[in-house]
Amino acid sequence: MSPIDLHSHSSISDGLFTPAELVGRAAAHGVRMLALTDHDDTAGLDEARKAAAAAGIELIDGVEISVTWNKRSVHVVGLRIDPAHRALRDGLASIRAGRGERARRIAAELDQVGISGSLEGAYALAANPNLVSRTHFARYLVGKGLAKDNRALFKKFLVKGKPGYVSHQWAVMADAIDWIRGSGGVAVLAHPGRYDLGRSNLNALIADFKDAGGEAIEVVTGSHTPDQFAQFARYAKEFDLLSSCGSDFHGPGESYMDLGRLPELPFGCKPVWHDWPEINGCDSPAA
Ligand code: AMP
Ligand code: MN
Ligand code: MN
Ligand code: MN
């Protein structure tokens with residue numbers, strides 16, 4: 001089991017726990033170095049940092065940026081970012097502004113199929129009014145009995161071809177990478193196995209990501225199968241990228257993997273944290 005988890009969500013985006021609760025749970029589960037990577041918002045980092053200091057674990061400042069690449073939604077994680085960096089702050093603010101307008105369009109689509117009140121319902125479930133996501137709509141719809149849980153809900157709603165889907169223009173991938181790197185951070189392509197791309201598109205995505213300054217890919221994530229751990233370890237090697245691992249934890253019962261349950265990176269992967277000072281004392285297996 002790895003004591004390192006570089007992808008997680010709090011209630012600042014679509015996680016179920018506050019930043020302090022998330023850090024407490026991570027520490028209790030044996031995580032020694034945790035990155036908080038909320039979608040498009042860094043407002044949870046101060047609280048998380050304080051909680052990590054109290055719990056005696058390392059907190060890595062992170063963010064997960066929503067981007068559009070070739071008309072598809074792709075996520076880029078930034079690690080060891082500076083949340084005060086101007087271009088990063090402004091870029092994230094512009095993405096959040098777009099989310100509000102998108103939420104109104106999602107609600108209008110749901111209205112069309114006779115589901116009313118979803119805008120108010122989603123906002124009521126969003127602890128951060130600046131960050132309403134499809135997850136909040138999904139929870140509202142599950143609460144109305146439209147599916148048994150979020151995973152089942154996302155098969156019937158909010159995705160292409162289903163009610164409540166809207167297309168949306170997120171940030172340009174190269175801009176997101178520039179904001180991350182400009183702030184001193186490292187850009188990581190999140191869960192590359194989740195994009196449902198054919199082999200040639202996947203190659204093109206990883207090549208574009210690397211050309212734009214991306215330095216790492218997630219090899220081990222909660223949403224990859226063991227076969228995909230090996231597949232993306234090969235990609236990392238082929239494209240000379242560093243490897244990352246993160247649970248992508250959102251909450252119990254809503255995530256593929258809980259905190260503190262991640263396997264180690266496959267043999268031969270060069271970890272994204274290989275030269276980080278925070279690793280001192282964290283890289284031996286948890287007791
Ligand atoms: P958004 O950024 O508003 O498009 O919302 C995307 C979020 O929805 C992701 O970060 C996941 O937390 C959640 N999500 C997307 N697809 C699924 C799925 N199939 N099952 C569960 N959650 C999902
Ligand atoms: Mn999410
Ligand atoms: Mn993601
Ligand atoms: Mn995530």
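1. In what follows, Ala, Val, Leu, Ile, Met, Phe, Trp, Tyr, Cys and Pro count as nonpolar, Asp, Glu, Lys and Arg as charged, and the others, Gly among them, as polar. On that basis, in this predicted model, the shell around ligand 1 divides into one nonpolar, four polar and five charged residues.

2. The residues that surround ligand 1 are Asp-14, His-39, Arg-99, Arg-102, Ser-133, Arg-134, Thr-135, Arg-151, Phe-154 and His-250.

3. Taken alone, ligand 1 exposes 500 Å², of which the protein buries 82%.

4. As to location, ligand 1 sits in the largest pocket, and the elements that give two or more residues to its shell are helix H3 (86–112), helix H5 (134–143) and helix H6 (150–156).

5. Ligand 1 lies between domain 1 (4–92 + 169–279) and domain 2 (97–153), because both of these domains give residues to the shell around it.

Note on methods: Residues numbered from 1 in each chain as written. Chains lettered and ligands numbered in written order. Predicted model: local features only at pLDDT ≥ 70, side-chain atom pairs only at ≥ 80, totals over all residues. Heavy atoms only, no water. Near = heavy atom within 4 Å. Areas by Shrake-Rupley, 256 points an atom, 1.4 Å probe, with all protein chains shown as cover. 1 Å grid on protein atoms, 1.4 Å probe; cavity = no way out; pocket = protein on both sides within 12 Å on 5 of 7 lines; lining within 4 Å. Sits in = over half its atoms within 2 Å of the grid points. Helix = DSSP H or I, 4+ residues; strand = E, 2+ residues; numbered from the N terminus. Domains from an automatic or database assignment.
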